[in-house]
Amino acid sequence: MYPEQFRASLEAAAAKREENIRYEPGRMTADEKEAILEKYHPDHKKDKFVKLAVGKNKGEPVPEELAGMLQAHSRLNGNTPDLDRPDYDTDVLIIGGGGAGASAAIEADKAGARVLVVTKLRMGDANTMMAEGGIQAADKPDDSPAIHFIDAHGGGHFAAKRELLSKLVCEAPEAIKWLSDLGVEFDKEPDGTMITTHGGGTSRKRMHAAKDYSGAEIMRTLRDEVYNRGITVVDFTAAVELILDTDGKAAGAVLLNMETNELLVARAKTVVLATGGAGRMHYQGFPTSNHYGATADGLVLGYRAGAKLLYADTLQYHPTGAAYPEQIFGALVTEKVRSLGAKLVNKNGDVFVHPLETRDVCAAAIIRECGERGMGVKTAGGAGVWLDTPMIEATGGKGTIERRIPAMMRMFDKHGIDIRVEPILVYPTLHYQNGGLDITADCMTAVENLYAAGEVVGGIHGKNRLMGNSLLDIIVFGRTAGKNAAEKSKSTVLSAPSLSHVNGFEKELDRAGIKTELVSPKLLPDYTRKVNQSK
Ligand code: MEZ
């Protein structure tokens, strides 16, 4: 039930619904897209970025909040545990318990390696679990990996590392089969063929989904497989520094037991960073669709150890985060809602953008509508536009919402809003880190024996990712990282373990004149209310 203040606008949207259903909004030209991004997309707010003063990407801009973490002090604060007496000794250490970490663990275990997964929350507490709308793969007769490549490359502003994107799209059909064989229940027609839909920027219907909880279904299956294989998982244990050997190869990590604050040492022949994204950094004050632990930890660990970043200045703001009610502010409203026919309309009920423009363009259009144009619906937290969900029932038939997006229906129903009859108020929410650690196609970073997979990686999607290509990349690159880390561990002979890179980084901060009290990695967001101490 919406409050009275929205009534006139809701009535305007309802009055124009029939006309809006018939109306086909045009797509923007390339020039129009560039112009709207430049003016309204948060990535283009130059004053919100600072140039790094240390490390491999010195001189390059990153969000100011990220710069704070990349140029902060080590949590060890000179407190070095005894590296020669490890608490864990393994072949492959996997840091992160989301979809990429789980995929890597399964493949490394299959390859015969001893595997240890550490995760700062619980296995599966990850952005994978929060993904809703689906996973892309070109496995229908009218589609091909080449067409998938063209869609994703264009959507990412032709900035993707071609070898990474090519691997992503070519291995996508096999990734779907792997997941299906493991037990993921994808939506199917009665004859068993996969149901596929469009996402923003796709020229073919290649989104495979498990209703609107695709990520949860995938994570459930991967987590079961990890446990069924008997892989060792240590929950509530964060990595706070990587350990290198004296030759500079990755050789393990210093861990922090999040419950006891005890420091532990894990020795490993190879390490896979699968720490996920950064939504809880709340760049530029945006709300986020991300899980509680998404705090850019992997970027910090990798950067301090000498890995390179790629496109760390590009973030994805999902166009449709919930803008009302406040209890779910920023929560993901899946793009599948638009794939099924809902259009975006302003406070007067007018369609102002094609609903399946790429995410960056769509988000910029909403920001413009609510800002400069003054056509947003005012809320306590700012403004939003309507995502006209009743259009789905009107075009797809009664019952489509309950059948295809039941989680959305439930999320709003809890707050007295029936999305079958009333639209949803939305505004962009911080959703994905396009940039991250630079890797080769075998998932190795610039640090030998340090692999990376999943959202911590940059360059697979260029400067903007299409829907459903992230659930895909955690599988494709997670599996590759696991296989390669296991293989490499067989021939790896480590020299003495060392944290000298941590001391070296501290000296670099000092030489650059950086004065900060911040320590990193952040590990968890801080939502404590800051009270004015002088009162
Ligand atoms: O890939 C994503 O980010 C995704 C599937 C999100 C969504 O809108 O459902």
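Predicted model: local features only at pLDDT ≥ 70, side-chain atom pairs only at ≥ 80, totals over all residues.
Reader: How many salt bridges does a search of the whole structure find?
Author: Side chains of opposite charge can pair when their charged atoms come close. Here a salt bridge requires a side-chain nitrogen of Lys or Arg within 4 Å of a carboxyl oxygen of Asp or Glu. Across the whole structure, the search finds 33 salt bridges.

Reader: How many residues apart in sequence are the parts tied together by D350 and K16?
Author: The side chains of D350 and K16 meet in a salt bridge, at 2.9 Å from N to O. D350 lies in the loop between strand 15 (344-345) and helix 12 (359-370), while K16 belongs to helix 1 (residues 7-22), so the pair ties together parts whose separation in sequence is 334 residues.

Reader: Is K16 buried, partly exposed or exposed?
Author: Buried means under 20% relative accessible area and exposed means over 50%, with partly exposed in between. D350, the partner of K16 in the salt bridge, has a relative accessible area of 30% and is partly exposed. K16 has a relative accessibility of 25%, so K16 counts as partly exposed.

Reader: Which helices hold E107 and R479?
Author: The side chains of E107 and R479 form a salt bridge of 2.8 Å, N to O. The pair ties together parts that are 372 residues apart in sequence, because E107 lies in helix 4 (residues 99-110) and R479 in helix 16 (residues 469-491).

Reader: Is R479 buried or exposed?
Author: The threshold for buried is under 20% relative accessible area. E107 is buried, with a relative accessible area of 5%. The relative accessibility of R479 is 11%, so R479 counts as buried.

Reader: Which residues are linked with E107 and R479 in a network of salt bridges?
Author: The side chains of E107 and R479 meet directly in a salt bridge. The network of salt bridges that links these two residues also includes K110 and E174.

Reader: What is the relative accessible area of E369, the salt-bridge partner of R373?
Author: E369 is found in helix 12, and its side chain meets that of R373 in a salt bridge of 3.0 Å, N to O. R373 counts as partly exposed at 41% relative accessibility. E369, by contrast, is buried, with a relative accessible area of 2%.

Reader: Which side chain makes a polar contact with the side chain of D125?
Author: D125 is placed in the loop between strand 5 (115-118) and helix 5 (127-130). At 22% relative accessibility, D125 counts as partly exposed. Its side chain makes a polar contact of 2.8 Å with the side chain of R122.

Reader: How far apart in space are D125 and R22, C-alpha to C-alpha?
Author: In sequence, D125 and R22 are 103 residues apart. In space, their C-alpha to C-alpha separation is 42 Å.

Reader: Where does the ligand sit?
Author: The residues surrounding the ligand include E132, H318, T334, R359, H431 and G468. An oxygen atom of the ligand is 2.6 Å from an N or O atom in the side chain of T334, and a polar side-chain atom of R359 lies 2.8 Å from a ligand oxygen atom. Of the 280 Å² of accessible area that the ligand has on its own, the protein covers 97%. The ligand sits in the largest cavity.

Terms used
Residues numbered from 1 in each chain as written. Heavy atoms only, no water. Helix = DSSP H or I, 4+ residues; strand = E, 2+ residues; numbered from the N terminus. Buried < 20%, exposed > 50% of the residue type's maximum accessible area, 1.4 Å probe, protein only. Polar contact = N/O pair within 3.5 Å; in protein donor to acceptor, adjacent residues only side chain to side chain. Near = heavy atom within 4 Å. Areas by Shrake-Rupley, 256 points an atom, 1.4 Å probe, with all protein chains shown as cover. 1 Å grid on protein atoms, 1.4 Å probe; cavity = no way out; pocket = protein on both sides within 12 Å on 5 of 7 lines; lining within 4 Å. Sits in = over half its atoms within 2 Å of the grid points.
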